[in-house]
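Take a look at the chain below. We will walk through it piece by piece, starting with a single side chain.

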Amino acid sequence: MDTKLLLRRQITVKAIVTPEWKEDAQRQLQAQLNQVDGQIQQLDFQLQQVIEELRKSSEASEAINGRIQDIKAQANDQKAQLLQQKNVILQQLDQVQRLEMGQEVDQGQVDNFFYVTKGDNLIQKMQVEILLRNGVIEEIRGTL
C-alpha cells in the first residue's frame, strides 16, 4: 500500500516586466497615493471641524485649549503615519519606473496543496514558482 501525505506549500508568483505590467503597477500605486492624499485631506478637514466645535463650546478656554492640543497631537500622529505610507508608495513607484523590460519581479505567493510519498525529494517539491506575463502563466518551475 502506497501511503500519500497531503501537504501545503507557498508558491512564489513572479511576473515578467512588460510595458503593460509597468503601466498597471504604476496605475495601482498612483491610486494608492491618491487614496492616502484623500485621507490626509479628510484628517485635516475633520481636525478643523473639531477645533471649531470646541471653540464654540461654553467650557473654560484653558480646558478647551488643552483638549485642542491633545486632538492636534493625535491628528499629527495619524498624519505622520499617512505620510510614511505615502513615502513607501513613492519609493515603490520609483522602483517600478527603474525596472527593465523582461526582468522578473516577485508578485507574492499563493497556497498550493500537493501529495508526497516515500522517496520523494521534499526540498525540490517545496521549490515551485509560477512565472506570469501580463497575467498569463508562462512557466511553472519546479517539481509538482
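How does Glu138 count: buried, partly exposed or exposed? Glu138 counts as partly exposed, at 43% relative accessibility. The cut-offs are these: buried means under 20% relative accessible area, exposed means over 50%, and partly exposed lies in between, with a 1.4 Å probe and protein chains only.

A word on the source. This is a predicted model, in which local features need pLDDT of at least 70 and side-chain atom pairs count only at pLDDT 80 or more, while totals for chains, interfaces and linings use all residues. Residues are numbered from 1 along each chain as its sequence is written, and side-chain values use heavy atoms, with hydrogens and water left out.

Now the sheet. It is open and has 4 strands, in the order β2-β1-β3-β4, with mixed pairing. Strands (E, at least two residues) and helices (H or I, at least four residues) are DSSP runs, numbered from the N terminus. Two strands pair if DSSP finds at least two bridges between them. β2 (104-117) and β4 (136-141) stand at the edges. Each has a single partner strand, so one side of each is left without a neighbour in the sheet. On average, neighbouring strands of this sheet are turned by 25° against each other, direction ignored. For such angles, axes are lines fitted to C-alpha atoms, for helices over the stretch in contact; angles run from 0 to 180 degrees between N-to-C directions.

Follow the sheet strand by strand. Strand β1 (residues 4-16) pairs with β2 in the antiparallel sense, over 13 bridges. Leu7 stands opposite Phe114 in β2. Val13 stands opposite Gly108 in β2. Val13 also stands opposite Ile130, in β3. β1 and β3 run parallel and are joined by 4 bridges. In β3, Leu132 is the bridge partner of Ala15. In a regular strand, side chains alternate between the two faces of the sheet.

Go on to β3. Of its 5 residues, 4 are buried, so β3 is largely enclosed by the rest of the structure. β3 pairs with β4 in the antiparallel sense, over 5 bridges. Ile130 stands opposite Ile140 in β4. β3 and β4 form a hairpin, with 2 residues between them. Asn134 lies in the loop between these two strands. Asn134 is not a glycine, yet it has a positive phi of about 55°. At 41% relative accessibility, Asn134 counts as partly exposed.

Next come the charges. Side chains of opposite charge can pair when their charged atoms come close. How many salt bridges does the structure hold? It holds 12. A salt bridge here is a side-chain nitrogen of Lys or Arg within 4 Å of a carboxyl oxygen of Asp or Glu.

Start with Glu129 and Lys14. They form a salt bridge, with the closest N and O atoms 3.7 Å apart. Glu129 lies in strand β3 (residues 129-133) and Lys14 in strand β1, so the pair ties together parts that are 115 residues apart in sequence. Glu129 counts as buried, at 19% relative accessibility.

Lys125 forms a salt bridge with Asp120, and here the closest N and O atoms are 3.6 Å apart. Lys125 is buried, with a relative accessible area of 12%. Asp120 counts as partly exposed, at 32%.

Now return to Glu138. It forms a salt bridge with Arg133, the closest N and O atoms being 2.6 Å apart. Arg133 is partly exposed, with a relative accessible area of 36%. Elsewhere, salt bridges that share partners join Lys14, Glu104, Glu129, Glu139 and Arg141 into one network.

Last, look for empty space. Rolling a probe the size of a water molecule over the atoms shows where it is left. The largest pocket has a volume of about 260 Å³. Of the 15 residues that line it, the closest to its centre are Ala15, Trp21, Ala25, Gln28 and Gln107. A pocket is an open set of points on a 1 Å grid over the protein atoms alone, where a 1.4 Å probe fits, with protein on both sides within 12 Å along at least five of seven lines; lining residues have an atom within 4 Å of a point. α1 (19-56), α2 (61-98) and β2 each supply at least two residues of the lining. The largest share, 5 residues, comes from α1.

How values were computed:
Grid points are joined across faces, edges and corners, and a volume is the space filled by probe spheres set on the points.
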